[in-house]
Amino acid sequence: MKGPLRGALRLALAVLLGIVSTRSITRPIKQVVRMAQQMSAGDFTQNVKIDRKDEIGQMLAAFGKMIASIKEKAEPAAQIARGNLEVS
C-alpha cells in the first residue's frame with residue numbers, strides 16, 4: 001500500500017472509531033435524559049437497564065437507585081391521596 005491510500009484507510013478507521021466511541025457515550029446519556037423527562041412528568045415506572053461497568057454504568061446504576069428511592073418516598077403520599085390516612 002502506498003502513502004495516500006494508507007493515510008486514507010487510517011483516516012477512515014479513525015472516523016469509524018470516533019463514531020462508535022461517541023455513540024457508546026451518547027446513547028446512555030440520552031436514555032437518562034429521557035427517563036428524567038418522564039420522571040418530571042410524574043412517571044416513575046421506568047427501569048434502568050445496566051449492561052456496563054464503566055462510569056456510564058455507574059451513572060445508570062445511581063440513577064436507578066434514585067428512582068427507587070423516590071418511588072419509596074412517594075408511596076406514603078400516594079396512599080394518603082387514595083384515602084388511606086393510616087400511613088406510617
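Helix H2 buries Ile56, Gly57, Leu60, Phe63 and Ile67 in this predicted model. What do these residues pack against? Their partner is helix H1, residues 3-40. An α-helix has 3.6 residues a turn, so residues three or four places apart point the same way.

Seven residues make up the largest nonpolar core: Val32, Met35, Met39, Ile56, Leu60, Phe63 and Ile67. H2 gives the most, with four residues. Take Val32 as an entry point. Setting aside residues up to four places away in sequence, Val32 touches Met59, Leu60 and Phe63. Of these, Leu60 and Phe63 are buried residues of H2.

Now follow H2 from its start. There, Asp54 places a side-chain oxygen within 3.3 Å of the backbone nitrogen of Ile56. Ile56 is itself a member of the largest nonpolar core.

How far apart are the end C-alpha atoms of H2? The helix runs over residues 55-81, 27 residues in all. At 1.5 Å a residue it should span 39 Å, and the end C-alpha atoms lie 38 Å apart, which agrees.

Past the end of the helix comes a glycine. Just after H2, Gly83 adopts a positive phi of about 100 degrees.

Terms used: Residues numbered from 1 in each chain as written. Predicted model: local features only at pLDDT ≥ 70, side-chain atom pairs only at ≥ 80, totals over all residues. Heavy atoms only, no water. Helix = DSSP H or I, 4+ residues; strand = E, 2+ residues; numbered from the N terminus. Expected span 1.5 Å × (residues − 1). Buried < 20%, exposed > 50% of the residue type's maximum accessible area, 1.4 Å probe, protein only. Contact = heavy atoms within 4.5 Å. Polar contact = N/O pair within 3.5 Å; in protein donor to acceptor, adjacent residues only side chain to side chain. Core = buried A, V, L, I, M, F, W, Y, C linked by side-chain atoms within 4.5 Å.
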